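Hi,

Here is the structure I said I'd pass along.

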Amino acid sequence: MAVKLKKGNVLASLSITPLIDVVFLLLAFFLVATKLDEEDRALDIQLPQSVEATPIWSVPRSVIVNINRHGEYYISGEKVTLEELKPRLEQLCLVPEKEADGPSVVIRGDERTSFGAVVAVADICQSLELEYSTVTRTE
């Protein structure tokens, strides 16, 4: 005698629409996050090498100032002059009263630029009492 198996209708009512929505949201998130990270690395800046420096894995709330080989300054991919740099850093590094630590400034200077361009940014950071650091390539 043959045994009859009753097939359920669970699979017939399974909807994958919410799963597809979640996948598209994750895709959009990673596309936007990747684009924001590329903004500061898009400039062709050759960093000087250092043997003793340790790589920076994450710098919370940092403003990156790029200096190319011609001594031109860039913040968030936008070219600024030295005169415009101080007000821009002042605006970007405003610290709310409840926060003790403000953002830091990361200076990425091309190794072929004059040292004076890097020192000029460091002087501006000192005058605004901002923490700053320079980045070198570690390989």
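A quick word on pLDDT before anything else: pLDDT is the predictor's confidence in each residue, from 0 to 100. For this chain the mean pLDDT is 78, and 72% of the residues reach 70 or more.

So you know the ground rules, this is a predicted model, where local features need pLDDT of at least 70, side-chain atom pairs count only at pLDDT 80 or more, and totals for chains, interfaces and linings use all residues. Residues are numbered from 1 along each chain as its sequence is written, and side-chain values use heavy atoms, with hydrogens and water left out.

Now the fold. There are three helices and five strands (DSSP runs numbered from the N terminus: helices are H or I with at least four residues, strands are E with at least two). Read from the N terminus, their order is α-β-β-β-α-β-α-β. Among these elements, mean pLDDT is lowest in helix 1, at 80, and highest in strand 2 (residues 73-75), at 92.

Of the 139 residues, 25% are buried (buried is under 20% relative accessible area, exposed over 50%, partly exposed in between, with a 1.4 Å probe and protein chains only). Isoleucine 20 sits in helix 1, which covers residues 17-41, and it counts as partly exposed because its relative accessibility is 38%.

As for contacts (heavy atoms within 4.5 Å), 71% of those with a separation of 6 or more are between residues 24 or more positions apart.

Cheers
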